[in-house]
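Subject: Structure handover

Hello,

Here is the structure I promised to pass on. Please open it first, then read my notes below.

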Amino acid sequence: MSFFGGSITAEGNRPGGYIKLMDSLIMQEGVANNYELVGAGISGDKIYDLYLRIEEDVLKQSADIVVIYVGVNDVWHKSSSGTGTDLPKFGKFYEGVVNKLQAAGIKVIVCTPAAIGERNDNSNQQDGDLNQYSNWLRTYTAKNNIPLVDLRHALEAANALDPL
């Protein structure tokens, strides 16, 4: 199983990160021989970066399953440095990444971008874009029968229980 994304994925592959924690759980369950978790995250990456490095970082690794977690930098970098990805291009590149993975017989799991600045209460200007990108992913995955991990929704639900 490969995790494909930006800095959150890169951090997930470090000690204490979510990929390493999952690896530990798999070992505790005694099924480590059945799974290999590979982190393919690069800090700052956006969806078009994933598209450009898919061959080397994922397809050559022969993963059975790929979890895609990207979108925060696509939104954040629009306002911070003018290098983000607008929604139509995000969708086109995302479809291209998924199509390449599926053409190689790889099962795809998609994650929505969760937050920028750890807020999701519309107090930061990127919340609206995060909602749009997440809504696009929800529609796209439902239409194409692709499993979705809705991190944006989970964060909103958690925030409703315990506001920041």
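Helices (H or I, at least four residues) and strands (E, at least two) are DSSP runs, numbered from the N terminus. This is a predicted model, in which local features need pLDDT of at least 70, side-chain atom pairs count only at pLDDT 80 or more, and totals for chains, interfaces and linings use all residues. Residues are numbered from 1 along each chain as its sequence is written, and side-chain values use heavy atoms, with hydrogens and water left out.

**His77**

Start with helix H4, residues 72-80, where His77 is found. His77 has a relative accessible area of 13%, so it is buried. Here buried means under 20% relative accessible area, exposed means over 50%, and partly exposed is in between (1.4 Å probe, protein chains only). What is His77 in contact with, leaving aside its neighbours within four places in sequence? The partners are Gly44, Lys46, Gly82, Thr83 and Gly84. Contact means heavy atoms within 4.5 Å.

**Salt bridges**

Side chains of opposite charge can pair when their charged atoms come close. A salt bridge here is a side-chain nitrogen of Lys or Arg within 4 Å of a carboxyl oxygen of Asp or Glu. The structure holds seven of them.

Look at Arg53. Its side chain meets that of Asp45 in a salt bridge, at 2.5 Å from N to O. Both Asp45 and Arg53 are buried. For Arg53 the relative accessible area is 12%.

Arg53 also forms a salt bridge with Asp57, and there the closest N and O atoms are 2.6 Å apart. Asp57 and Arg53 are four residues apart in helix H3, so about one helical turn separates them. Asp57 counts as partly exposed because its relative accessibility is 25%.

Another salt bridge joins Arg138 and Asp150, with the closest N and O atoms 2.6 Å apart. Arg138 lies in helix H6 and Asp150 in the loop between S5 and helix H7 (151-161), so the pair ties together parts that are twelve residues apart in sequence. Arg138 is partly exposed, at a relative accessible area of 22%.

**Aromatic rings**

A pair of aromatic rings is described by the distance of the centres and the angle of the planes. Rings of Phe, Tyr and Trp (its six-membered ring) pair if their centres lie within 6.5 Å; planes under 30 degrees apart count as stacked, over 60 as edge-to-face and the rest as tilted. By this rule the count is nine aromatic pairs.

Why is the pair of Trp136 and Tyr140 stacked? The ring centres are 4.8 Å apart and the planes are at 10 degrees. Trp136 and Tyr140 are four residues apart in helix H6, so they are separated by about one helical turn. Trp136 counts as partly exposed, at 21% relative accessibility. Tyr140 counts as buried, at 8%. Trp136 and Tyr140 belong to one aromatic cluster with Phe90, Tyr94 and Tyr133.

The charged end of Lys100 sits over the ring of Tyr51, 4.5 Å from its centre. The rule asks for NZ of Lys or CZ of Arg within 6 Å of the ring centre and within 35 degrees of the ring normal.

**Loops**

Two residues other than glycine have a positive phi. Ser62 has a phi near 55 degrees. Ser62 lies in the loop between helix H3 (47-57) and strand S3 (65-69). At 59% relative accessibility, Ser62 counts as exposed.

Asn145 also has a positive phi, of about 55 degrees, although it is not a glycine. Its loop runs between helix H6 (127-144) and strand S5 (148-149). Asn145 counts as exposed, at 71% relative accessibility.

Tyr35 is in the loop between helix H2 (18-28) and strand S2 (38-41). Tyr35 counts as partly exposed, at 47% relative accessibility. How many residues apart in sequence are Tyr35 and Ser2? They are 33 residues apart in sequence, and 10 Å apart in space, C-alpha to C-alpha.

Best wishes
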